[in-house]
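Let's take a friendly walk through the model below, with an eye on its aromatic rings and its pocket. Please keep the viewer open as you read.

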Amino acid sequence: MTLLWVKGLHLAFMVAWFAGIFYLPRLFVYHAQTESSEVSAQLKVMERRLLYFVTPFAILTLVFGLWLIFAYGSAWFAASGWMHVKLVLVALLYGYHIYCFKLLADFAHDRNRRSHKFYRVFNEVPVLALFAIILLAVLKPF
C-alpha cells in the first residue's frame, strides 16, 4: 500500500510541476513581445512567483521518483532499459527547469535578447519530453 501512495504522490507532484513548466515559457513569450514597461513589470512578478512556486514540486517529484526506484530494487532497475532512457529525459527536464532560472534573471534585469519565437519553440520542449516519458513508463518497450 505504501508503494501506491509513493506512486500517487510522484505523479501528483509531477503534474503540478508540469503545469508550471508549461505556463512559464508562455509568460516568457508575452514578455518578449511586450514593449510596455508596466506589462513587463507585471510579467516579472508573475514569472518569479510561478517558478518559485513550482520548484518544490520538481524537488518532490524527484524525491518520490527516487523512492520508487529504491523500493523496486537494483535488480529491477538494472533490467529496466526503458527506465534509463526515461531518467535521461528527466535529467534534461531538470536542466530545462534550471535554465528557466537563467531566463528569469535575464528578464528581471532586462537582458533578454531572444525573440518571442524562440520562447514559443522553447515552450514545446517539456511537452515532447512528457509524451516520451509517459510512453516509456506505460509501454516499457525495452
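The paragraphs below cover the rings and then the pocket.

This is a predicted model, in which local features need pLDDT of at least 70, side-chain atom pairs count only at pLDDT 80 or more, and totals for chains, interfaces and linings use all residues. Residues are numbered from 1 along each chain as its sequence is written, and side-chain values use heavy atoms, with hydrogens and water left out.

Start with the rings: the structure holds 17 aromatic pairs (rings of Phe, Tyr and Trp, taking its six-membered ring, with centres within 6.5 Å; planes under 30 degrees apart are stacked, over 60 edge-to-face, the rest tilted). One of them joins Phe-107 and Tyr-119 in a tilted arrangement, 5.4 Å centre to centre with 45° between the planes. This pair links distant parts of the chain, 12 residues apart, with Phe-107 in helix 4 (residues 81–108) and Tyr-119 in helix 5 (residues 116–122); helices are DSSP runs of H or I, at least four residues, numbered from the N terminus. Both residues also belong to one aromatic cluster, with Phe-28, Tyr-96, Tyr-99, Phe-118 and Phe-122.

Charges meet rings too. Arg-114 lies over the face of Phe-118, 4.2 Å from the ring centre (CZ of Arg or NZ of Lys within 6 Å of the centre and within 35 degrees of the ring normal).

Now turn to the lining of the largest pocket, where 21 residues are nonpolar, 4 polar and 3 charged (nonpolar: Ala, Val, Leu, Ile, Met, Phe, Trp, Tyr, Cys and Pro; charged: Asp, Glu, Lys and Arg; polar: the others, Gly among them). Helix 1 (2–33), helix 2 (37–72), helix 4 and helix 6 (125–139) each supply at least two residues of this lining.
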